[in-house]
Amino acid sequence: MNIELCKIIDLPKIQDARGNLTFIEGGGHIPFDIQRVYYLYDVPGGAERGGHAHKGLSQLIIAMSGSFDIVLDDGWNKKRVHLNRSYNGLYVTPMIWRELDNFSSGSVCMVLASNRYDEDDYYRDYQEFLIAKGFV
Ligand code: TYD
């Protein structure tokens with residue numbers, strides 16, 4: 001998988017004077033069925049999250065509140081994506097190294113995932129990731 005396949009997905013946005021509404025249906029608006037949702041919050045200034053890749057997991061990452069950056073790395077190219085809209089999601093395919101940083105104060109990062117949590121699905125060592133990608 002390369003980072004060109006990781007893209008911003010524009011989610012439906014129902015605009016209303018009472019406030020906006022966005023919805024996501026697994027397999028419809030995003031290319032996988034949702035098995036798990038998790039979120040990062042109370043992230044201290046300067047903190048970095050991520051720092052791993054997944055073997056088989058697909059994810060959609062959304063800035064529900066505030067903003068942060070995601071650095072995507074397929075072993076060949078790197079791309080920094082700034083997320084700051086709750087109606088945008090970054091689709092991240094399997095086999096992409098990702099790091100999250102530049103969290104604004106009070107930001108909330110929600111992640112929709114294609115599978116339940118499985119530590120065996122992680123590459124947490126960058127060298128090991130590069131070997132798996134065939135770069136080393
Ligand atoms: P990790 O995936 O390393 O966090 P991040 O990539 O967002 O920085 O997970 C941190 C810890 O939380 C780790 O001990 C595994 C645990 N965890 C779960 O138990 N379930 C989950 O769904 C997730 C994402 C993490």
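This report walks through the salt bridges in the structure above.

## Ground rules

This is a predicted model, so local features need pLDDT of at least 70 and side-chain atom pairs count only at pLDDT 80 or more, while totals for chains, interfaces and linings use all residues. Residues are numbered from 1 along each chain as its sequence is written, and side-chain values use heavy atoms, with hydrogens and water left out.

## How many bridges

The structure has four salt bridges. The term stands for a side-chain nitrogen of Lys or Arg within 4 Å of a carboxyl oxygen of Asp or Glu.

Asp69 pairs up with Arg80 through their side chains, at 2.9 Å from N to O. That pair ties together distant parts of the chain: Asp69 sits in strand 7 (residues 68-73) and Arg80 in strand 8 (residues 78-83), eleven residues apart. Strands here are DSSP runs (E, at least two residues), numbered from the N terminus.

As for solvent, Asp69 comes out buried, at 7% relative accessibility. Buried means under 20% relative accessible area, exposed over 50%, and partly exposed in between (1.4 Å probe, protein chains only).

## Two other pairs

Asp16 and Arg18 meet side chain to side chain in a salt bridge, with 2.7 Å from N to O. Asp16 is partly exposed at 29% relative accessible area, whereas Arg18 is exposed at 78%.

Glu119 and Arg124 make another salt bridge, this one at 2.6 Å from N to O. Here Glu119 is partly exposed at 33% relative accessibility, and Arg124 is partly exposed at 45%.

Notes
Helices (H or I, at least four residues) and strands (E, at least two) are DSSP runs, numbered from the N terminus.
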